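Here are a few exercises on charged and aromatic side chains, each with a worked solution. Have the viewer open and try each task before reading on.

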Amino acid sequence: MLMLIFYVGNERYALEISRVVEVLPVVALTKLHQTPEYFAGLFNYRGEIVPVIDMCQILQGDSCRPYLSTRIIIVHYSIGDRPSSFLGVMAERVTEIINHSDNKFVDSVININQSGSRGKIIVDEQGIIQCIGVESLVSESQSNFLMSTFAN
């Protein structure tokens, strides 16, 4: 399975590449008043208004730093019976794609977020990589905010 690696602080995370539409450099985002801190802003992606979440803010409480390798990962995102839409995921040090066989993944015993989703982990020579499913990127309340506010 191909996985896109990104960092939050010194921790490595992975998204399944089949859900990734495109990886973009950070662009100017339109900030909206009275939105949660994890919401980085909006931008026009090929004619669609796409919300962007800040994974560093979600996972460690600090905004992504402006590294040259900080990127916006465009993913297909859907919850329940709602149609799929684009979601931008801002993350640091997005520079690597890895390929691991499915039998190298181990189920995590720890919930990744409030949704109760459990991720998988991979252990390699550099340490642990926490795999995050696209639908597990945000909690249920965060998802409801994004989908109700910005759904097309």
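**Exercise 1.** Decide whether D124 is buried or exposed in this predicted model, and find its salt-bridge partner.

*Solution.* 
- Step 1: The relative accessible area of D124 is 17%. The cut-off for buried is under 20%, so D124 counts as buried.
- Step 2: R12 forms a salt bridge with D124, and the closest N and O atoms are 2.6 Å apart.
- Step 3: D124 belongs to strand β9 (residues 118-124) and R12 to strand β2 (residues 11-16), so the bridge ties together parts that are 112 residues apart in sequence.

**Exercise 2.** How many salt bridges does a search of the whole structure find, and where does the pair of E22 and R46 sit?

*Solution.* 
- Step 1: The search gives three salt bridges. As a reminder, side chains of opposite charge can pair when their charged atoms come close.
- Step 2: One of the three joins E22 to R46, with 2.8 Å between the closest N and O atoms. E22 is in strand β3 (residues 20-25) and R46 in the loop between β4 and β5, which puts them 24 residues apart.
- Step 3: E22 is partly exposed at 23% relative accessible area, whereas R46 is exposed at 65%.
- Step 4: Another bridge joins E92 and R65, at 2.9 Å from N to O. Since E92 lies in strand β7 and R65 in the loop between α1 (55-60) and β6 (71-77), this pair ties together parts 27 residues apart in sequence.
- Step 5: E92 has 0% relative accessibility and so counts as buried, while R65 is partly exposed at 35%.

**Exercise 3.** Which side chain of opposite charge is nearest to D54, and what does the side chain of D54 reach?

*Solution.* 
- Step 1: Locate D54 in strand β5 (residues 48-54).
- Step 2: The nearest side chain of opposite charge is K31, 7.0 Å away. A salt bridge needs the nitrogen and oxygen within 4 Å, and D54, although buried, has no salt bridge.
- Step 3: Look at the backbone instead. The D54 side chain reaches the backbone nitrogen of C64 at 3.0 Å.
- Step 4: Leaving out residues up to four places away in sequence, D54 touches Y38, A40, D62, S63, C64 and M90.

**Exercise 4.** Classify the aromatic pairs F6 with Y13 and Y45 with F86 as stacked or edge-to-face.

*Solution.* 
- Step 1: The structure holds three aromatic pairs. For F6 and Y13, the centres are 5.7 Å apart and the planes 15 degrees apart, a stacked pair. Both F6 and Y13 are buried.
- Step 2: For Y45 and F86, the centre-to-centre distance is 5.3 Å and the angle between the planes 85 degrees, which is edge-to-face. This pair links Y45 in strand β4 (residues 39-45) to F86 in strand β7 (residues 85-99), 41 residues apart.
- Step 3: Y45 and F86 are both buried, and together with F43 they form one aromatic cluster.
- Step 4: Finish with a charge over a ring: R93 lies over the face of Y7, 3.6 Å from the ring centre.

Definitions and conventions. Residues numbered from 1 in each chain as written. Predicted model: local features only at pLDDT ≥ 70, side-chain atom pairs only at ≥ 80, totals over all residues. Heavy atoms only, no water. Phe/Tyr/Trp six-rings, centres within 6.5 Å; stacked < 30°, edge-to-face > 60°. Buried < 20%, exposed > 50% of the residue type's maximum accessible area, 1.4 Å probe, protein only. Helix = DSSP H or I, 4+ residues; strand = E, 2+ residues; numbered from the N terminus. Lys NZ or Arg CZ within 6 Å of the ring centre and 35° of its normal. Lys, Arg positive; Asp, Glu negative; His and termini not counted. Polar contact = N/O pair within 3.5 Å; in protein donor to acceptor, adjacent residues only side chain to side chain. Contact = heavy atoms within 4.5 Å.
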